[in-house]
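The following account leads from the chain as a whole to one helix pair and then to individual residues. Please keep the sequence and the model in view while reading.

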Amino acid sequence: MSIFDKIKHYKALKNGLMNISKGVLDVTINQVSGLVSGIVNFFIAIVFAVYILANKEGLKVQAKEFIYARIPEERADYILKVSRLARDSFRSFLTGQAKEAVILGVLCTLGMLILGIPYAGPVGALTALTAFIPIVGAFIGGFVGAVLIVAIDPIKALIFIIFIIVLQQIEGNLIYPRVVGKSIGLPPIWVIFVITLGSKLMGIVGMILFIPLSSVIYTLLRKSVYKRIQNRKIPNDKWL
C-alpha cells in the first residue's frame, strides 16, 4: 500500500469515526433534552394540579355560573350531571388502578420469592408503581428489574423475564379487566376493547383516558336504553 493509499484510508477512517461520534452525540443530546423536557413538564403539571386543587371550590362555582349564564337550564342540568358522572368515573378508575397495582406488586414479589430471584421486594414495588400505566406497565417494571438482576445472576434474570411475561399476560387478560371494570362499572370485555382502541389511537395516554370516558358513555347509553324500553312499556321477559 502506497503512502497516498494510507492517507486516503486514514482520512476515510477519520471521517467515519467523526460521523459515528456526531451521530452518538446527536442521539445523546436528543435523549437528554427529551428527559429534561419531560421532567420540567411533570413538575409544571404537579404545580398546576396543586393550584387547581387549592382553588377547586371557586373554580367549580365559576364553571356553574358560566354554564347557567350561557346555556338553557335543562341542558345545563344535564351537562353538570354528566360532569359529576365523569368525576365519579375517574375516581373509580384511579381506585381500581390502585387495587390492581397492589395485586400485581404482591404477585410479582411472591413469585420472585418462590423462584429465588433477588430483589423481590424492590422489583415488586417498582412493578406495582409502573402498573398505574395500563397493561404495558408490567413490562416497564420488568425491564428495569431484569437490568438489576442480570448484574447478579444472568440465569435468574432470564427466569425473571419469562416469569414477568407470563404474569403480564395473566394481569392484562384476567386481573386488570375484572378489577378495573368492576370499579368503573364496565364489563371486562369492554375494558379490553377500550384499552386496545385507546392504544391504537393515542398510545399510553389513550389507554388511560379511554377507560373512564368509556365508562361515562356506557352508563349514559345504558340509562337511555332502559328509559326508552320503559317508555315503550316493553315487558321485561322480552329483553331480560
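Among contacts in the protein chain between residues at least 6 apart in sequence, those joining residues at least 24 apart make up 60%. The model under discussion is a predicted one. Its protein chain contains 7 helices and 0 strands, and from the N terminus on the order of elements reads α-α-α-α-α-α-α. Of the 240 residues in the protein chain, 27% count as buried.

Helix H2, which spans residues 56-70, packs with H3 at an angle of about 145°, and the axes of H2 and H3 lie 8 Å apart. The crossing in which H2 passes H3 is right-handed. Which residues meet where H2 and H3 come together? On the H2 side they are Lys64, Ile67 and Tyr68; on the H3 side they are Glu73, Ala76, Asp77, Ile79 and Leu80. Sorted by class, this contact of H2 with H3 has 5 nonpolar and 3 charged residues, and no polar ones.

Tyr119 is placed in the loop between helix H3 (73-115) and helix H4 (120-130). The backbone of Tyr119 has a positive phi of about 60°, although Tyr119 is not a glycine. Is Tyr119 buried or partly exposed? Its relative accessibility is 39%, and therefore Tyr119 counts as partly exposed, given that this class lies between the cut-offs of 20% and 50%.

Two further residues belong to helix H7. Ile208 has its place in this helix, which covers residues 188-231, and Ser214 is likewise in helix H7. Their accessibilities put them in separate classes: Ile208 counts as partly exposed because its relative accessibility is 29%, whereas Ser214 counts as buried because its value is 14%. The cut-off that decides the matter is 20%, since buried means under that relative accessible area.

Leaving aside its neighbours within four places in sequence, Ser214 is in contact with Leu186 and Val194. For Ile208, a relation across the sequence is given by Gln97: the two residues are 111 residues apart along the chain, and their C-alpha atoms are separated by 9.9 Å.

Terms used
Residues numbered from 1 in each chain as written. Predicted model: local features only at pLDDT ≥ 70, side-chain atom pairs only at ≥ 80, totals over all residues. Heavy atoms only, no water. Helix = DSSP H or I, 4+ residues; strand = E, 2+ residues; numbered from the N terminus. Buried < 20%, exposed > 50% of the residue type's maximum accessible area, 1.4 Å probe, protein only. Axes fitted to C-alpha atoms, helices over the stretch in contact; angles between N-to-C directions. Left-handed = near helix turned anticlockwise from the far one by under 90°. Contact = heavy atoms within 4.5 Å. Nonpolar A, V, L, I, M, F, W, Y, C, P; charged D, E, K, R; others polar.
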